[in-house]
Amino acid sequence: MNTEVPAIRLRGLHKAFGATTAVESVDLDIAPGEFFSMLGPSGSGKTTVLRMIAGFEQPTAGTVELFGKDVTKSAPFDRDVNTVFQDYALFPHMSVLDNVAYGLRVRGISKKERHAKAREALDKVRLADFGERKPSQLSGGQRQRVALARATVVEPKVLLLDEPLGALDLKLREQMQVELKEIQRDLGITFIFVTHDQEEALTLSDRIAVFNEGKIEQLGSPSDVYDHPVSPFVASFVGTSNMFSDEISQKLLGKPGQHSIRPEKLEVAHANEKLEGDQSADGTIADVIYVGSGTRLIVDLDAGMRVTVLEQNDQSYVADDERGARVRVGWRASDVISLGGSK
Amino acid sequence: MPRPRGTAARKGSVFLSSHPRVRLALLIAAPLFWLGVVYIIALVLLLVTAFWSVDSFTGEINQTLTFDNIITVITGALYQTVTLRTVGIALAVTVIDVAIALPIAFFMAKVANNRTRRLLVIAVLMPLWASYLVKAYAWRSVLSSEGILEWMLAPIGGHTPGYGVTATIITLSYLWLPYVILPIFAGFDRVPDSMLEASSDLGGKTWRTLRLVVLPLVWPAIIAGTIFSFSLSLGDYITVNIVGGASQMLGNLVYTNVGAANNLPLAAAIALIPIVIIFGYLALVRRTGALDNL
């Protein structure tokens, strides 16, 4: 991967709006054909990075390279990059077909040819019969697909997606995730996907950059980021984690520093039962929450912290649990994630 | 939780919440009265008066139906000339105002930061706080042969246009400019930035973006602005009195017929001309589709 020219190369990217720094010294290489996600809470700088790649914002410092070519100062219309906007930004006065054909129209392609290509693109997103409609006559999911067709019909080398699924309901979102992945495989181009939804990022991406306060906190594959978070922020933002402070770690794990463990890696048994894990702690059940596929137990450990345990519903314990019951929580030492020195 | 006690206000609210028609009646009674009695009836009376006549001997109004006034107004050379002049002035004012308002409104809505935008909105509105007459007389002084315009233009060989049609166009353009800027500003403001970005992203350079995306979206707002400048210019007679020299507009003819000539029916007939023109203008505008989203 390192031998080829990256699709996007960011070096020392920095963006300040007045006194506030939105993005701070971001270095990033994104490979051709990669599905790359930028994940972070709102205000973490991920969208600003995307907008600098698209050319809507000028970086305060640093460079943006597109396939080895410096485009830092280029206008958006001079970059081989297209964007699917969060609000879709479809032109309300144009038909769906004209919307999709817009990029071809401004390139001076004849009406016949651009309409043929636009129809083809609409066909790919299964909207072949909707060309004559206005965007206002479409549902959210359909508009989303039109935006996708409009951005891909001009054959960009990189497609930028700014929280494109944010406005859709859960069912549609899951369906669109599958479609996005398929489209990306078909086109074989780089997708850069901005989201605050960690599950979406984990499902779709080849690699994820976790943003926090304008910086990349961790860069890696979904399993890297989920199983080996490098900081308390990543551990708590990506999925849920039980965080052990330095003090608790010394009590329960017998070593200093911050640690975390995923709720699904914990198991619960009655105080006198045998556990599979090699470490354990006693506590009292504070709450039992049924979540469909499993049950979430909130346990107050005697060591002085509260942990969340996720039990699959086929597991034995669940049937007779109750609030106030004394339990033992166990885990494998190998599932404990070290988050570095004490803070 | 104890319920609120049954006061008169509460009983009233209970009654209103279960009687939507009474609610609606209370809401629109006052505006409906205003529109119906004060506005529509006055307009109808004007229309009716145009078909009456004045006894030239006694000066009293004769209420028998006649088309004489209408025929006079349509065929009289004076009325034709003045109508053409008035429409010409109104069109010129509208074109000038739109040409000035478009860049200002675009700058206010899309380029300026919040602070500058607020300042500009105030600057645009501020002339409206000053009296119409003061502004017209200020322009009379600017345009006079010893005025500041002459002083500024003389070194480069230019001259003030003096009082006349040109001066009227300049002054009216100034007077109605805020009414054109504000709707166009609101129109630009409603175009999301992402719309401009999307066009640029897809390869549209500035000019293409303006023509294919921005202009169609603000078109209704531009039309709204032109309705203001066009109709206000059509009805004006004070500015032309102050800076127009000997030129007359339709308003002047109405004025002299109501006053000096004591011929209210003829004045009403003349007043129908701008009404007909505005209707024609609106019909034309409607065909462009600009009023569809009103």
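Reader: How much area do chain A and chain B bury between them?
Author: About 1,800 Å² in this predicted model. Carbon and sulfur atoms carry 61% of that area.

Reader: And how many residues of each chain are in contact?
Author: 23 residues of chain A meet 17 residues of chain B.

Reader: What's the salt bridge count between chain A and chain B?
Author: The count is 1. The partners are B:Glu197 and A:Arg51, with 2.6 Å from N to O.

Reader: Which network does A:Arg51 belong to? Start with the A:Lys15 bridge: what does A:Lys15 pair with?
Author: A:Lys15 forms a salt bridge with A:Glu57. Their closest N and O atoms are 4.0 Å apart. The two residues sit in distant parts of chain A, 42 residues apart. A:Lys15 is in strand S1 (residues 8-17). A:Glu57 is in the loop between helix H1 (46-54) and strand S4 (61-66). As for the network, shared partners join A:Lys15, A:Arg51, A:Glu57 and B:Glu197 into one.

Reader: A:Lys15 and A:Glu57, buried or exposed?
Author: Both A:Lys15 and A:Glu57 are buried.

Reader: How many salt bridges over all chains?
Author: The count comes to 16.

Reader: Give me another one in chain A. What does A:Lys181 pair with?
Author: A:Asp206, with the closest N and O atoms 3.9 Å apart.

Reader: Why does A:Lys181 count as buried?
Author: Because its relative accessibility is 15%, and buried means under 20%. A:Asp206 is at 36%, so it is partly exposed.

Reader: Now chain B. Which residue forms a salt bridge with B:Asp193?
Author: B:Lys110, with the closest N and O atoms 2.9 Å apart.

Reader: How accessible is B:Asp193, and how does it count?
Author: B:Asp193 has 45% relative accessibility and counts as partly exposed. B:Lys110 is partly exposed too, at 21%.

Reader: Switching to helix packing. At what angle do helix H1 and helix H2 of chain B pack?
Author: About 105°, with the axes 5 Å apart. H1(B) covers residues 8-18 and H2(B) covers residues 20-49. That angle makes the two helices roughly perpendicular.

Reader: Which residues make the contact?
Author: H1(B) brings B:Phe15, B:Leu16, B:Ser17 and B:Ser18. H2(B) brings B:Pro20, B:Val22, B:Arg23 and B:Leu26. By class, the contact has 5 nonpolar, 2 polar and 1 charged residues.

Reader: Back to chain A. Where is A:Pro76?
Author: A:Pro76 lies in the loop between strand S5 (69-70) and strand S6 (81-84). At 11% relative accessibility, A:Pro76 counts as buried.

Reader: What does A:Pro76 touch?
Author: Leaving out residues up to four places away in sequence, A:Pro76 touches A:Ala54, A:Gly55 and A:Phe56 in chain A. In chain B, A:Pro76 touches B:Ser200 and B:Asp201.

Reader: How far is the A:Pro76 C-alpha from that of A:Leu160?
Author: They are 12 Å apart, although the residues are separated by 84 positions along the chain.

Reader: Backbone check. Which residue other than glycine has a positive phi?
Author: A:Ala89 is one, with phi of about 50°. A:Ala89 is in the loop between S6 and helix H2 (96-105). Its relative accessible area is 3%, so A:Ala89 is buried. A:Glu155 also has a positive phi, near 50°.

Reader: Where is A:Glu155 found?
Author: In the loop between helix H4 (140-152) and strand S7 (158-162) of chain A. A:Glu155 counts as exposed, at 59% relative accessibility.

Reader: Last one, the whole of chain A. How many helices and strands?
Author: Chain A has 9 helices and 18 strands. Its C-alpha atoms fill a box of roughly 80 × 45 × 40 Å along the principal axes. Of its 343 residues, 52% count as buried.

Reader: What share of the chain A contacts is between residues 24 or more positions apart?
Author: 63%, taken over the contacts with a separation of 6 or more.

Methods: Residues numbered from 1 in each chain as written. Chains lettered and ligands numbered in written order. Predicted model: local features only at pLDDT ≥ 70, side-chain atom pairs only at ≥ 80, totals over all residues. Heavy atoms only, no water. Salt bridge = Lys/Arg side-chain N within 4 Å of Asp/Glu carboxyl O. Helix = DSSP H or I, 4+ residues; strand = E, 2+ residues; numbered from the N terminus. Buried < 20%, exposed > 50% of the residue type's maximum accessible area, 1.4 Å probe, protein only. Axes fitted to C-alpha atoms, helices over the stretch in contact; angles between N-to-C directions. Parallel < 35°, antiparallel > 145°, perpendicular 65-115°, else oblique. Contact = heavy atoms within 4.5 Å. Nonpolar A, V, L, I, M, F, W, Y, C, P; charged D, E, K, R; others polar. Buried area = accessible area lost by both parts, 1.4 Å probe.
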